[in-house]
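Here is a short walk through the side-chain contacts of one structure. Please keep the sequence and the model in view while reading.

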Amino acid sequence: MRGGPDPALPVGGATRAPRKTVRFDVLTLFPDFFLSPLKISLLGKAIEAGKLSVFLHDIRQWATDKHRTVDDLPYGGGPGMVMKPEPLVAALEAVRDSSLKGRRIYLSPKGRHLRQQDLKGYLNWEQIVLLCGRYEGIDQRVIDHSIDEEVSVGDYVLAGGEAAALVFIEAVTRLIPGVLGNEGSLEEESFTTGSLIEYPHYTRPEEFRGLRVPEVLLSGDHQKIREWRRLESDRLLKSRK
Ligand code: JAH
């Protein structure tokens with residue numbers, strides 16, 4: 001029995017803390033590229049739980065000629081083809097929801113390197129439009145006038161931005177509150193170690209093909225285990241170029 005109102009009772013009918021959901025709109029010539037990854041595992045579950053939504057758009061929809069042309073020869077010559085600006089800008093304008101706080105991102109090896117510490121910031125956008133290029137890339141004027149940010153997920157050239165867009169979506173999605181299930185994994189990742197470098201992991205059996213699990217991990221001494229892991233993590237960090 002309780003006297004008086006419970007100060008913790010929600011006001012205005014809310015029964016949960018404001019739920020973070022991220023909406024991605026992906027512009028691509030190959031929407032099918034994303035189907036399996038979005039169906040399974042972490043991304044599939046996040047979508048099912050309503051914490052993530054991904055809308056796939058075929059850029060060719062915004063090509064207006066009979067052959068639905070999206071590419072053309074590069075001015076100044078050189079190898080390959082370049083994606084024409086008109087369909088890309090039309091697509092960017094069409095999918096953008098002006099009622100949402102949005103960010104337009106082009107995946108490219110020339111972009112700013114994506115880092116773990118930047119990822120959380122993307123949770124504050126209500127709509128993230130990811131533009132995936134193909135061929136040699138896209139007309140620079142699209143980047144200059146219709147893109148907010150050029151992002152790279154690593155210094156290598158892919159066949160197109162799709163694989164990079166998936167990396168981006170997955171890395172952001174696992175930070176959405178409630179997505180990991182095991183909220184502890186996130187805490188340990190950044191807080192306990194203070195670095196992204198991990199310590200080595202072992203599971204059963206204790207001996208595998210003559211290789212034993214480090215004794216400290218079998219000791220049950222959690223203080224010592226923490227110390228060992230920090231040391232190993234440090235060693236890995238320093239040995240990496
Ligand atoms: C390749 C357009 N940072 C990885 C990355 C991202 C995008 C591309 N390559 C690498 C790419 C061809 C055309 C984009």
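Asp 148 is partly exposed, with 33% relative accessible area (buried means under 20%, exposed over 50%, partly exposed in between, with a 1.4 Å probe and protein chains only). This is a predicted model, in which local features need pLDDT of at least 70, side-chain atom pairs count only at pLDDT 80 or more, and totals for chains, interfaces and linings use all residues. Residues are numbered from 1 along each chain as its sequence is written, and side-chain values use heavy atoms, leaving out hydrogens and water.

Asp 148 forms a salt bridge with Arg 104 (3.0 Å, N to O); the term requires a side-chain nitrogen of Lys or Arg within 4 Å of a carboxyl oxygen of Asp or Glu. Asp 148 sits in the loop between helix H5 (140-146) and strand E7 (149-152) and Arg 104 in strand E5 (residues 102-113), so the bridge ties together parts 44 residues apart in sequence. Arg 104 is partly exposed as well, at 24%.

The count of salt bridges is 13. Another joins Arg 235 and Glu 232, also at 3.0 Å from N to O. Arg 235 is exposed at 54%, whereas Glu 232 is buried at 14%. A network of salt bridges links Arg 103, Arg 112, Asp 118 and Glu 149.

Aromatic rings make three pairs (ring centres within 6.5 Å; planes under 30 degrees apart are stacked, over 60 edge-to-face, the rest tilted, with the six-membered ring used for Trp). Phe 24 and Phe 168 have ring centres 6.2 Å apart and planes at 90°, so they are edge-to-face. Both Phe 24 and Phe 168 are buried.

Notes. Helices (H or I, at least four residues) and strands (E, at least two) are DSSP runs, numbered from the N terminus.
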